[in-house]
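The sequence and structure are shown first.

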Amino acid sequence: MMKFSIITLFPKMFAALTEFGITGRAITAGQAEVVFHNPRDYADNKHNNVDDKPYGGGPGMVMQVAPLRAAIKAAKQETADAPVIYLSPQGKPLTQAKAAELSELPAMILLAGRYEGIDQRIIDRDVDECISIGDYVLSGGELPAMTLMDAVMRLLPGVLGDAKSAEVESFQQGLLDHPHYTRPEEIDGQRVPDVLLNGNHAEVEKWRKAQRVEQTQKLRPDLLKD
Ligand SMILES: C[S@@+](CC[C@H](N)C(=O)[O-])C[C@H]1O[C@@H](n2cnc3c(N)ncnc32)[C@H](O)[C@@H]1O
């Protein structure tokens, strides 16, 4: 069972992950657990403020050290050796290989930033790793955290109905997926390739492998460089 401890100002956003589809079922089945720590609950001022103006001036607000550090401490009490991962545009890119690596862990603490981000001293002292979901800026770390959790959860044992699904998906073996077809055999003049209809499994496998290479060459040649 994988435990995700999430540090977020907006725990309700995570319903999109915890209440639907494969990830929702993984939680109901006890293959994953999600708990929340809201920095606002750890703020020590009367208005529960967790942010303040940036030193040096400039736009926006910055999340303060104290509430975040207290929330991280509380999360660590539940999951002693879990790494603290800060979702950040400045982090290392999330890849399928990274998701596979994280899926081997028993637990992780995910820190979702808001505003202009978090005080650097949290990154320097409390965070083990920064992960980005891409070269663009979102309003908060909640969607990035959910993206990471979804990618990790589907790799946990028993989460996908057929474990082979994960093995043949895009980015496994550095290739994109092959095309998929389902009934009917023909629609609006478009036919399913004959090779998929003749029941010859070896031929199907050969075709799919060739398609994976072709799709990758056509759509993501950068993947083939490695
Ligand atoms: C508006 S962003 C802060 C952006 C920051 N000032 C910068 O330019 O790098 C607020 C929060 O959203 C999250 N975030 C935004 N884009 C992200 C991305 N591409 N990957 C991971 N987290 C992201 C981070 O947690 C960040 O603290």
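The sections below treat the domains, the sheet and the elements around it.

## Model and domains

The model is predicted. The domain assignment divides the chain into domain 1, residues 2-153, and domain 2, residues 168-224. A distance of 37 Å separates the C-alpha centres of domain 1 and domain 2.

An open sheet is built from five strands in the order 2-1-6-5-7, with parallel pairing. Strand 2 (32-37) and strand 7 (129-132) are at the edges; each has a single partner strand, so one side of each lacks a neighbour in the sheet. From one strand to the next, the twist averages 40 degrees.

Five bridges link strand 1 (residues 2-7) to strand 6 (residues 107-112) in the parallel sense. Within this pairing, Ile6 has Leu110 of strand 6 as its bridge partner.

Helix 3 (residues 65-78) packs on the sheet and touches strand 1, strand 2, strand 5 (84-93) and strand 6. The direction of helix 3 makes about 165 degrees with that of strand 1.

## Pairings of strand 5

Strand 5 runs parallel to strand 6 and is joined to strand 6 by four bridges; Tyr86 has Leu111 of strand 6 as its bridge partner. Together with helix 4 (residues 96-102), strand 5 and strand 6 make a right-handed β-α-β unit.

Strand 5 also pairs with strand 7 in the parallel sense, over five bridges. Here Pro93 stands opposite Ser132 in strand 7.

Definitions and conventions. Residues are numbered from 1 along each chain as its sequence is written. This is a predicted model: local features need pLDDT of at least 70, side-chain atom pairs count only at pLDDT 80 or more; totals for chains, interfaces and linings use all residues. Domain bounds come from an automatic or database domain assignment. Two strands pair if DSSP finds at least two bridges between them. Helices (H or I, at least four residues) and strands (E, at least two) are DSSP runs, numbered from the N terminus. Axes are lines fitted to C-alpha atoms, for helices over the stretch in contact, and angles run from 0 to 180 degrees between N-to-C directions. Two residues are in contact if their C-beta atoms, placed from the backbone, lie within 7 Å. A crossover is right-handed if, with the strands pointing away from the viewer, the path from the first strand over the helix to the second runs clockwise.
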